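Keep the sequence and the 3D view side by side as you read.

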Amino acid sequence: MAENRLVDAVIFDLDGTVYLGDAALPGAVDGIAGLRQRGVRTMFVSNKPLEPRAAYAAKLTRLGIPTPADDVITSAFVLAHYLGEHGRDLRYYVLGEENLRQELRDAGLLIVDELADQDPKEVIQPLGIDAVIVALDRTLDYRKLNTAYQALRRGARYFATNADDTCPMPGGAIPDAGATLAALQQLTGRRPELVAGKPSPLILGAALDSMGVPAARCLMVGDRLETDLRMGQQAGMLTAVPLTGVSTREDIARFARPPDFVIGGLHDLLALVAP
Ligand SMILES: [Mg+2]
């Protein structure tokens with residue numbers, strides 16, 4: 001380990017930090033390459049459960065940031081891994097898309113689907129739903145919401161990949177899992193017992209364990225204050241917020257506890273981390 005290095009590893013958010021849509025953000029390719037040349041480990045964490053780790057790694061590689069799948073951690077991967085260890089015997093009802101469902105199946109979990117056109121009151125018992133999982137689901141409809149509601153009001157356990165209200169997309173944002181969680185909270189008063197994604201210590205722990213680096217020797221870089229920044233601060237990490245994503249200087253100034261660094265882009269990290 002280099003004596004003069006500020007940290008030994010950097011954990012990056014993806015959307016709004018490394019890339020936006022299908023383009024790397026200015027300074028990201030050179031910044032990450034420079035950190036790696038200086039011996040700094042790099043890891044990527046995303047709350048998006050829509051694709052497998054390998055797909056995000058392939059995207060980074062395509063954008064000029066060569067990355068193996070093991071260096072990407074998603075909320076879907078972390079939740080599936082956790083439930084594979086701690087919720088093996090449960091039958092899950094999933095408000096989520098195919099990638100999440102596949103990751104849950106890969107972890108050995110049983111997913112139940114509702115029967116078509118049944119009386120809502122009769123649906124839950126025959127299906128035997130033990131737990132509801134909420135994620136970004138672009139096929140969400142009334143029937144799914146109702147099934148989740150009926151299961152939760154009967155005491156099903158409750159998990160979520162992430163709690164972001166919106167998901168950034170090229171040209172704007174779309175409703176994310178947080179909007180569904182809000183609807184179910186309005187209906188049942190319940191909140192999930194576990195949200196796997198940022199700012200959960202679960203996803204951060206997975207990233208740190210994978211690198212074998214303690215939090216105190218790691219920098220968290222992300223554009224969202226309530227997830228990326230909060231998670232890094234709670235873990236005792238150094239934090240940096242780039243102005244390339246959703247947060248402006250004004251947002252950062254209003255946040256209860258400011259980050260250690262506000263940066264224009266990832267190339268600014270070189271002078272901070274390994275001068
Ligand atoms: Mg982001």
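The chain divides into two domains. Domain 1 is built from two stretches, 9-47 and 198-273. Domain 2 covers 82-195. The model is a predicted one. Taken over C-alpha atoms, the centres of domain 1 and domain 2 lie 29 Å apart. The two domains do touch: 8 residues of domain 1 are in contact with 7 residues of domain 2. On the domain 1 side of this contact, 5 residues are polar, 2 are nonpolar and 1 is charged.

Now step back to the whole chain. The secondary structure comprises 11 helices and 15 strands. The C-alpha trace spans about 65 × 35 × 30 Å along its principal axes. How does the radius of gyration of the chain stand against that of a compact globule? A compact globule of 275 residues would have a radius of gyration near 19 Å, and the chain has 19 Å, so the two agree. Of the 275 residues, 45% count as buried. Contacts also reach across the sequence. Among those with a separation of 6 or more, 66% link residues 24 or more positions apart.

Next, look inside. In soluble globular proteins, nonpolar side chains tend to be buried together. Here the largest nonpolar core has 78 residues. Those with the most contacts inside this core are Val 10, Ile 11, Val 132, Ile 133, Cys 218 and Leu 219. Helix α3, residues 75-86, supplies the largest share, 6 residues. Both domains take part: the core draws at least three residues from each of domain 1 and domain 2. Val 10 gives a close-up view. Leaving aside residues up to four places away in sequence, Val 10 touches Leu 35, Val 40, Thr 42, Cys 218, Leu 219, Val 221, Leu 269 and Val 273.

Turn to the strands. Strands of a sheet pair through backbone hydrogen bonds, either parallel or antiparallel. Ala 160 has Val 195 of β12 as its bridge partner.

An antiparallel pair makes a contrast. Strand β10 (residues 166-169) and strand β11 (residues 172-175) run antiparallel and are joined by 4 bridges. Together β10 and β11 form a hairpin with 2 residues between them. Met 169 stands opposite Gly 172 in β11. In the turn, Gly 171 has a positive phi of about 90 degrees.

Two last stops concern the backbone and a helix. Most residues other than glycine have a negative phi, and most peptide bonds are trans. The bond from Lys 198 to Pro 199 is cis, with omega near 5 degrees. Pro 199 sits in the loop between β12 (194-195) and α8 (201-211). Ala 183 belongs to helix α7, residues 177-188. Ala 183 and Leu 50 are 133 residues apart along the chain, and their C-alpha atoms are separated by 21 Å.

Notes
Residues are numbered from 1 along each chain as its sequence is written. This is a predicted model: local features need pLDDT of at least 70, side-chain atom pairs count only at pLDDT 80 or more; totals for chains, interfaces and linings use all residues. The radius of gyration is taken over C-alpha atoms; the globule rule is 2.2 Å times the number of residues to the power 0.38. A residue is buried if 20 or more other C-beta atoms lie within 10 Å of its own, exposed if 12 or fewer, and partly exposed in between; C-beta atoms are placed from the backbone. Domain bounds come from an automatic or database domain assignment. Ala, Val, Leu, Ile, Met, Phe, Trp, Tyr, Cys and Pro count as nonpolar, Asp, Glu, Lys and Arg as charged, and the others, Gly among them, as polar. A nonpolar core is a set of buried Ala, Val, Leu, Ile, Met, Phe, Trp, Tyr and Cys residues joined through C-beta atoms within 7 Å. Two strands pair if DSSP finds at least two bridges between them.
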